[in-house]
Structure formats: C-alpha cells, structure tokens
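Hi,

Here is the structure I promised to send over.

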Amino acid sequence: MRQPTVRQPIYDLYWYFASERQAVFERRQSNPRGPWTDDPILATYKFCNVFRASDRVSQYLIREVAYGGSDEDVSDILFGVIAFRFFSRPETWEAITEYLGHRPRISDLESVDFERAIEHAQEKNGRLYTGAFILCANNAYGFSKKYQNHLALFRQMFIEDRLGARLLAAKSLKDIYSLLRTYPLIGDFMAYQLAIDLNYTPYLDFDENSFTKAGPGALRGIQKAFQSLGSLSPEQIILQMVEVQDKEFTRLNLQFAGLGGRKLHAIDCQGLFCELDKYCREAVPELASARKRIKARHTPNLAKISYFYPPKWGLAS
C-alpha cells in the first residue's frame, strides 16, 4: 500500500488551527467580548467550531429538536431532526412550531398542516433555508418550489416508507447513511450530515469513527494538506487524522484538551479540513484552490449559548 505524502507546513497548520480555534471557543466562555486570539485570520474571519456539535445550529438541533420532546413518539423526533436539518434555521423551526401549536409530527405531514406551517414560516421570516448546505436540485418530485419537493420527500420517507422504524432497525452509522442516500434530494454529504444528526438523539448510538464521508470543502482541504494520498481514500485520510491526533498535538507542542475530554471524531476531522481550506486562502494564498477568498467575516454574536451535548457522551462539565 502506498502511503500518503503530507505537505508538511499545511498539514501542521491543520493541527494548529484545531488547537487555536478550540482555544478561541474556550476563551469566549469566560470572556464573551474578547479579544480571544492573536491570530489575525481567526480574529477577522468566520470559522466553524472544531467540534461540530458546538456550532450554534447544531446546538439548537441537539437541545430543541433531538432532546426537546422526550414525551413524543420516537419516529416523530427522527422526522423532526431530518426536517430541521433541511432548513437549518431555528427561526423556521420556531415559526412552524408556533403555527402548529406543537413540535412537528408525522401526522402533520398526513394533513395539510405541515405545508401550511411552512408557508407561515416563509411569510413570517422571509426565507426558510440557510445557505450552510448545498441541497440537491429541488424539482425531483415535480414541484416548482423547493419546500414542496421537500414535503413530498418527507411524506415518502415517513409515511410511505415508515423510515423511522427502518432507522431504528439499522445496525451501524453506515446503514443510516445508506438508507438516507437512497432518496432523491439527498446527496452523499447531506446523507452523512443527517446520519450524524440522527446519531445525536437518545435512540441511535453508533460509533462516529466507524464511517465518514468527505464533503467538497474537506476534499479541498485534504488536497492542500497532502501532496499525495497514496493508496488511501479521502475518508481513510480523515480516519487516520482521528488516530494520530494525540501524537500530532504532542509533536507540535500544541495544547488541546478536547471537548470535556472528548477527542476529535471523524465528523470533526472532516470539518477541520473544510476550515483548513478556508484558513489557507488567507494564510497560504499561493496554494491553488477553487475558492479564492473567505466569504464571511467574523461578526461577534454576544447571544449567550448554554451548551448542551448528548448526555450519552458523558462529557466532563
């Protein structure tokens, strides 16, 4: 087997970024107004958290969607997780809930209530979707409006196919991914993101390091950090980063305590490659890339988050 060849300065930047970006996250907890870093790139531009579960939208999903309805039917909660991630906007979820008078249920799909709730959310907020995910072409079910196609998808999944029961019968994270990937409008990366979201719930608990899928941004980051992948796939590279993290932080004398003792998992290492790609656009602009600039600048959000993670993780407080 041919071993990968790293582009050492960029490969080392990966670990530096993980250490310093997590330090920024930790410093914000005790000093909400900053400054949090001397790194001019991290101070200027917007980057996702090192741990995916710490990002604001994921935090909302975990707290309000995955764990916010413990008295509800399990399939309703799994439906809610998938529906929320398609929109990825808390404002959309809240407007839908406001209209329905309760959290979305599969029975709302069987009537016109969920569609009416979505129309209410759009009228109230002006838009339904975030720009965080690139969704597949939106007319797979023959409708002109994106949300109508997604409604048709949700109905196929949870009414026709009874996907909730099939998800609960899955034997691995890859099984969850494979089930989701069979549907229109769900590409490789979206299926992986949804699988991770579902795995946050109390009802699924698979090893996150058993399966991964590199998204477009991660592929760009991997290309920058490695001159050659050798015989390895991008997914094998990501899993290799999980395995070597302790050794690499030690080698570079970088502080990294993880998240309440939780180490980087494959979903986090995948995301870090995406953020590395962004960071390198400023730090190493001479590296060829399909993207030339970092689009989003950092704008301080002083709204306090009370961080909540899946209790099954057993994180240290």
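Let's start with a helix pair: Phe 189, Tyr 192, Gln 193 and Ile 196 in α11 meet Ala 266, Ile 267 and Gln 270 in α14. "Meet" here is a matter of contact, meaning heavy atoms within 4.5 Å. By class, the contact of α11 with α14 has 5 nonpolar, 2 polar and no charged residues. For those classes, Ala, Val, Leu, Ile, Met, Phe, Trp, Tyr, Cys and Pro count as nonpolar, Asp, Glu, Lys and Arg as charged, and the others, Gly among them, as polar.

Before going on, some housekeeping. This is a predicted model, where local features need pLDDT of at least 70 and side-chain atom pairs count only at pLDDT 80 or more, while totals for chains, interfaces and linings use all residues. Residues are numbered from 1 along each chain as its sequence is written, and side-chain values use heavy atoms, with hydrogens and water left out. Helices (H or I, at least four residues) and strands (E, at least two) are DSSP runs, numbered from the N terminus.

Back to that pair. Helix α11 covers residues 188-200 and helix α14 covers 266-283; they pack at an angle of about 135 degrees, with their axes 11 Å apart. That makes α11 oblique to α14. On the terms: axes are lines fitted to C-alpha atoms, for helices over the stretch in contact, and angles run from 0 to 180 degrees between N-to-C directions. Angles under 35 degrees count as roughly parallel, over 145 as roughly antiparallel, 65 to 115 as roughly perpendicular and the rest as oblique.

Helix α14 also packs with helix α12 (residues 216-225): their axes come within 7 Å and cross at roughly 65 degrees. The two are therefore roughly perpendicular to each other. On the α12 side the contact residues include Arg 220, Ile 222 and Lys 224, and on the α14 side they include Phe 273, Leu 276 and Asp 277. Sorted by class, the contact of α12 with α14 has 7 nonpolar, 3 polar and 4 charged residues.

Next up is helix α13 (residues 234-251), which bends by about 60 degrees at Val 244. (The bend at a residue is the angle between axes fitted to the seven residues ending there and the seven starting there.) Val 244 is one of the buried residues of α13, and Glu 235, Gln 245 and Glu 248 are among the others. Buried means under 20% relative accessible area, exposed over 50%, partly exposed in between (1.4 Å probe, protein chains only). The buried residues of α13 pack against α1 (8-30), α12, β2 (226-228) and α14. Just after α13, Asn 253 takes a positive phi of about 55 degrees.

Ser 88, in the loop between α4 (74-87) and α5 (90-100), has a phi near 55 degrees, a positive value in a residue other than glycine. At 3% relative accessibility, Ser 88 counts as buried. Leu 185, in the loop between α10 (173-181) and α11, has a positive phi of about 75 degrees although it is not a glycine. Leu 185 counts as buried too, at 6% relative accessibility.

Last one: Glu 115 sits in helix α7 (residues 113-125) and, at 16% relative accessibility, counts as buried. Leaving aside neighbours within four places in sequence, Glu 115 is in contact with Tyr 147, Gln 148, Leu 151 and Arg 155.

Cheers
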